[in-house]
Amino acid sequence: MSSSDDDTPLVKGKTNGVKSDDRVSKQVDRAMDKQTPSNGHVEPGLSIRMGPVDDMEVDAPTTNGNANGKRKARSSLTNTYKEASSSEEDDKPLSKRRRTSQKAKQPKGESESDLSDVPLRARKPPKATAAQIGEDSDSDIPLTTKLVKEKEAIEKAATKEAKNIKNKEKASASKRKPKVESESDDDIPLAKKKKQPVQKTNGVKKAKVESDSDAPLAKKKAPLKKTKAKAEPATPAKKGKGKSKLEETEQDQEAEDEEEEYRWWEDPAKGDGTKKWETLEHNGVVFPPEYEPLPKHVKLIYDGVPVTLHKDAEEVATFYGSMLNSTHNVENATFNKNFFEDFTAILDKTGHGKDKAGNTIKIKKFEKCDFKPIFEWFESERAKKKALPVAERKALKAEKDAAEADYMFCTWDGRKQKVGNFRVEPPGLFRGRGEHPKTGRLKKRVTPEQITINIGKEAKIPEPPAGHHWKEIKHDKEGTWLAMWQENINGAYKYVMLAANSDIKGQSDFKKFEKARELKKHIDRIRKDYQRDLRSEKMADRQRATAIYLIDQFALRAGNEKGEDEAETVGCCSLKFQHVTLKPPNFVIFDFLGKDSIRFYNEVQVDPQVFKNMKIFKKAPKTTNDDIFDRLTTSALNKYLTGYMPGLTAKVFRTYNASWTMARLLKDMKSTGSVIEKVKDYNDANREVAILCNHKRTVAASHAGSIEKMQDKINGLRYQVWRVKQMMIDIDPKIKKKKGAEYFERPKDLDDEWLQQHQEATLEEMREKIQKKFEKDNEKLKAEGEKEMKAKELEERLEVVKELAQKYKKENKSGKIEAEGKNPSIEKLEANVDKLLQQIETKKVQMEDKEGNKEVALGTSKINYIDPRLTVVFSKKFNVPIERFFSKTLREKFDWAIKSVDEDWDF
DNA sequence: CTCGTCTAGTCTGTACCATAAAT
DNA sequence: CATTTATGGTACAGACTAGACGA
């Protein structure tokens, strides 16, 4: 057990020894218990110590031929560091330890297989809100009117839906029943079942897994189809005017699908091979509208002089001018610099501005440009558009839709498929995310001459705009794109592809989740291996093992190297010295900008060996901006992973862990409660996954305000509670003794000052309301040609406010509150209090929910990481309409999932 | 390196809801 | 008083396109 001497030089003064090692491992054990309350078992890799591998190989110096500046600096650094680390690992009683390691491997079985059951340790404990919500829903407290209404409506819908589902089930029940029973282990509470899934994964070979997902399909096929026709038409119940052309065609399409629906997920021929299509027809792309020059009176002002610009330069000026309200851009120095560079480049080409007299005005200084007139013009246009009557706006939209109808669909192997982004991206100023060095650069208008079309050989080639030609026509059956061009900012390729609900996208989505499920079978071994390799003699292996650990445990992205002209963001393999802080005994703080420059901040507890490794990887002379994993690249990592399973790469772990977590949470869920509560439970699980994946959104600007408003409302209600209680005393002074003085105390935070403010605010609100109403009434009278009311009328109306003010005054002075209402009684008042308390409770829950949600984006994980079949299973099992979880587009995207699983399907 | 695909946050318009006003 | 209609504000869907990954 003295293997910790691996790294002793690192921990100065702590020269090896059982003691220190034991201490660390105990701490971890405790920590693990804490972190996995539902499982309560100890991470096996920690108790089973694995010795290093036998053939201790001195790491070869980094021979990276690709010696650009960055690399070079890195490898020289690596060498010094390598020497240090290898020497410290050199002198170890290897043979001995090897034996230990073999022994350690022996007690196979339980603890080992448990690994797959715990993909996620070190998560933060579930938030109180979730628990609270659960409790609230269990205790039968009625919700606010709003919630109740919703609840009822939804439950109605649910029962309706349930009928449909039941019909469906009846049809297929007889066939499915036996299977359900044979797999009844699904009903065993998770706690007991803990080890079950492992057996499945390990012991079970393909046959079983397949039977889980595939077998029922064939059986269900027929009944399903019939019921679908019944269930679906409820959705397009759009009220009002006749359907637009578009809707009609969509419905026609649906009808067609109904008749001869193609179930690619049941087609064994689909999905392998690289050929994506045999025939492909489409109509190309839609170009953005031509630039419409500004009216003559709207001009850029340079140095106080309005200047006329060439059309092309003016367009660029409008890009900037129209976003003056976006301080985020306009106050960014890089943005302004880049914009102005590109702007002046255009000016140089087209000629600079001209003043009224026709003299050329050379635009040299950004600071002298005044875009305000342009901005105001755009604002007024925006306002005009907004003010357009609804009917007109609709007509305009219908017109646009009609013009684009031809581009919305293509024919792929004879089937009509929706195209995703058929509109060519319009010109504008590039923003980029985070501190992008190219922010503000002009994104140029794309011409047909830059666009390559991919289309079937027999198909009619789409007509380019008059006087233009396409760059190239391809017939690439291995590509899934219809058109492609290269963008001028980063030289990135842009593709026109099919929409998410298309067969081809569905297929790859399906494959992605199947791959993640496949990982289940290998995860035990992978985890065991990386636990072992965390102590490897070879630095490269040790780094790789540590990286996989991080990717597996904390859902980090792979982290490819990035270029100079991109925002500085990182992932696992590209983590730098400053992104990781170590806090003994074994805490690691990650703080870096990830994809999209979204901050990843997480303070976690790690395996002690990982902690030690990180310490080594950060060892001097490494310093700020040096790579932590200097011996590791994403491609090496992925190559290694592929060895376990074809197609396994770093990103699969994200999908796997996300779906696995969701599966676990949903399985654990109690089936009680109303639909609303079930949906809330689902969303809580969804949220947990989103937090795992670090899916964030910016807090809405209005957030703080609306939280404050809610708090104010709650306080108002609490004040009301107090008032009502005081009224009881007014009726029956003896009650104070009966209920105890405490019951009648005003909450401490609602002090006199607060009371004052609250009363004033209430009065002011009333006043405003009355005032507004008065004005409106007057306007109405005026419109009808009648006489307006006098100010005296207003005063009379405001009398109510005065009365209330008086009342408050009296109350404040005497400390007594007169009972309100007719025939007030203690009972009535008590009922009143109860009602108010309930209102407060629901408001509180709402508020906490909102607060917990403010910076978590649930959508991304729902769309990309959580196997949709899990949601479908949940929906079926707990009888919640799928519409509650998937919007229309998502239902279309996940059509394959909705139609392919039973409630006993398992991830 | 190039190309192709998947992932992801933000922006914009609109559906939806509570509430008030009108009938 | 119950029901319908208007209003104002929020949440959400869908569009958009940047960014990451990987073959």
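Biologist: Is Tyr865 buried or exposed?

Modeller: The structure is a predicted model. A residue counts as buried when its relative accessible area is under 20%. Tyr865 has a relative accessible area of 15%, and therefore this residue is buried.

Biologist: Which feature does UniProt place at Tyr865?

Modeller: Tyr865 is found in the loop between α30 (859–864) and α31 (868–877). Its contacts, not counting residues up to four places away in sequence, include Phe513, Arg654 and His695. For Tyr865, an unreviewed UniProt entry gives the feature "active site".

Biologist: How many residues surround DNA strand C, and which are the closest?

Modeller: A residue is taken as near the strand if one of its heavy atoms lies within 4 Å. On that basis 25 residues surround DNA strand C, and the closest are Arg433, Lys494, Lys562, Thr569 and Thr889.

Biologist: What accounts for 90% of the atoms of DNA strand C that come within 4 Å of the protein?

Modeller: Individual contacts illustrate the point. Asp596 has a side-chain N or O atom 3.4 Å from a sugar or linking oxygen. The parts that make up the 90% are sugar and phosphate.

Biologist: How many charged residues does the surface near DNA strand C have?

Modeller: Sorted by class, this surface has four nonpolar and nine polar residues. The charged residues there come to twelve.

Biologist: How many residues apart in sequence are the parts that Arg445 and Glu315 tie together?

Modeller: Side chains of opposite charge can pair when their charged atoms come close. Arg445 and Glu315 form a salt bridge, with their closest N and O atoms 2.8 Å apart. Arg445 lies in the loop between β10 (442–443) and β11 (452–454), whereas Glu315 belongs to helix α13 (residues 311–321), so the pair ties together parts whose separation in sequence is 130 residues.

Biologist: Is Lys438 buried or exposed?

Modeller: Lys438 forms a salt bridge with Asp565, the closest N and O atoms being 3.5 Å apart. Asp565 counts as partly exposed because its relative accessibility is 38%. Lys438 has a relative accessible area of 16%, so this residue is buried.

Biologist: Which helix holds both Arg687 and Asp684?

Modeller: The side chains of Arg687 and Asp684 meet in a salt bridge of 2.9 Å, N to O, and both residues are buried. They are three residues apart, about one turn of the helix, and both lie in α23.

Note on methods: Residues numbered from 1 in each chain as written. Chains lettered and ligands numbered in written order. Predicted model: local features only at pLDDT ≥ 70, side-chain atom pairs only at ≥ 80, totals over all residues. Heavy atoms only, no water. UniProt positions renumbered as here; feature names shortened; annotations may be inferred. Helix = DSSP H or I, 4+ residues; strand = E, 2+ residues; numbered from the N terminus. Buried < 20%, exposed > 50% of the residue type's maximum accessible area, 1.4 Å probe, protein only. Contact = heavy atoms within 4.5 Å. Polar contact = N/O pair within 3.5 Å; in protein donor to acceptor, adjacent residues only side chain to side chain. Nonpolar A, V, L, I, M, F, W, Y, C, P; charged D, E, K, R; others polar. Salt bridge = Lys/Arg side-chain N within 4 Å of Asp/Glu carboxyl O.
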